[in-house]
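Good morning, and thank you for the time on today's agenda. I would ask you to look at the sequence and the model while I speak.

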Amino acid sequence: MTLLRNAGFNFAGALLPALALFITIPLIVQRLGAEAYGALVLVTSIVGYFGIIDIYATAGTVKYVAEHNARGDDDRVTQVVAVGAAAHVLLGLLGAAVLSLGAHWLVYDVFRVEPHWRSEAELTLRWSAAAFFVGQLHAWLNSLPQALQRYDIVGRYDAVFGTLVPLTTLAVVAAGGALVEIVVGRLLLSLLNVLLLQRVVRALLPQLRLRRPGADVVRALASFSAFSWLQRVASLTTQNADKLLIGAQHSMAALAAYVIPLTLVGRVFGLLFMLLQAVFPLASALQAAGDTARLKHVSLHLQRYTLYLNVCACLLCAGFASEWLHYWLQGRLPQASALVLVAVAYTLLVDSATNVPSLVNDGLGRPHLSAVAAMLRAALGVATMVWVLARFDIVALAWSQLGVTLLVSAGFIAVVHRRSLPWRLADVARPVYALNAVVLTVGSVVLAARWQQPVLAPGAFAASVSLTTLLLGGIGWTLVLRPAHRQRLLDLVRRRGSPA
């Protein structure tokens, strides 16, 4: 299966859940209220951060199953799968136990949960402990189709269950349920997902048998996963520390005002990241085959196109920040949320510039570089968060993270091209970064000029978004897309439009 098809399936698998979330969040917030929604976000962030104990054997599983499968070594594939299974079961049990035992302390002593939500939040955390264990099983099973580059399967399951999660949440809230019922509903969906994935894995890898892995397989997987784990720790810290600090130092309403725009923009950029994930197992497979020329060709074009898509997403999100939130939440959020949305859009754009270099670097078996960069970003980010929240508000917090991301991302790109990737930074500076920088700069100037204007009327808003999208699409078609790729697309359209 080609990289383009894998990227398409992965993107499609995230698109429906993103749309479902976009539609349901305003309704959920309306029924639950800002305080209860903030408490739900807090519980979710606590559980998410407990993923810190996950040694991230999924990354090692994807790399080495892809590598050994490319060589036709079924025995090594089986050993890698066995190590990953054991690791995730043990870590799932450990995390569930810690979450359950620490629920009371977290709710009553650490975070500022409103008194009338405390008992329910504690019970919700205990149910979330079971969800954490099931989540570990899901992560391991989901890594196997990815390693075999069967993103058609991953995409279908992500689309179905990712869409059912927000729809189930809305149904529970509409029926009068609250935090506990929401988590129980999500837990049941996860259990069903795991059962179905288990059947898929047995069909994909019928040769799998329980057997004791060799010491060399364990060492290789442990070494790779150790650095991937450090990267995961840093990523979880970056993703959840801001929410946890706001929950500890401010109100649940402030947390909701920060998280809602973060969720909106994060889903958009998360969709675009799905176009890239397939390059990780592909890099491992091409390295095993010794085909670095193809890897460079694929990576440079993928980086050029997806970075431009991220620039377009940033300008559309930030340029119409007030309108998105005004019409999405019917004016329920303060103006500060629009400023948060702008800062988050630029932060995620800067971060997206490191996506392809990081995935290829990890696929080539050098995760220590990605891990060091991620840890540095987490350390600087958390230190900045603590300092800013003690003196300022959520807007300053969001903009401070843009500065940290700019600094660390620039350093990582320079280092990874010098020490890891089999091509120079000069090879990508002009074809990848130069044009995108020009479009971003011009778009940002226009954005700044219209920022003080009142919120556009619905018709003017729709027309402005449509015209901006068409303009950016035209620039992409004429200036970003390579002539050969543009011709291939035209030929494809003509073939499909011609009579049989």
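Predicted model: local features only at pLDDT ≥ 70, side-chain atom pairs only at ≥ 80, totals over all residues.

Residues are numbered from 1 along each chain as its sequence is written, and side-chain values use heavy atoms, with hydrogens and water left out.

The protein has 19 helices and zero strands; helices are DSSP runs of H or I with at least four residues, numbered from the N terminus. Of its 500 residues, 52% count as buried, where buried means under 20% relative accessible area, exposed over 50%, and partly exposed in between, with a 1.4 Å probe and protein chains only.

Let us turn to the core. The largest nonpolar core has 140 residues, and Y37, V65, L125, I246, Y258, Y346 and V360 touch the most other members. Helix 11, residues 292-319, gives the most to this core, with 15 residues. A nonpolar core here is a set of buried Ala, Val, Leu, Ile, Met, Phe, Trp, Tyr and Cys residues joined through side-chain atoms within 4.5 Å.

Helix 18, residues 458-480, has the buried residues F461, V465, L472, G476 and V480. Their cover includes helix 11, helix 12 and helix 17.

How many salt bridges does the structure hold? There are three, a salt bridge being a side-chain nitrogen of Lys or Arg within 4 Å of a carboxyl oxygen of Asp or Glu. In one of them, K296 pairs with D427, and the closest N and O atoms are 3.5 Å apart. Because K296 lies in helix 11 and D427 in helix 17, this pair ties together parts that are 131 residues apart in sequence. Within it, R424 is exposed, at 55% relative accessible area, whereas K296 is partly exposed at 30% and D427 is partly exposed at 23%.

D351 and R377 form a further salt bridge, with the closest N and O atoms 3.0 Å apart. D351 lies in helix 13 and R377 in helix 15, so the pair ties together parts that are 26 residues apart in sequence. R377 is buried, at 18%, while D351 is partly exposed, at 23%.

Key. Helix = DSSP H or I, 4+ residues; strand = E, 2+ residues; numbered from the N terminus. Contact = heavy atoms within 4.5 Å.
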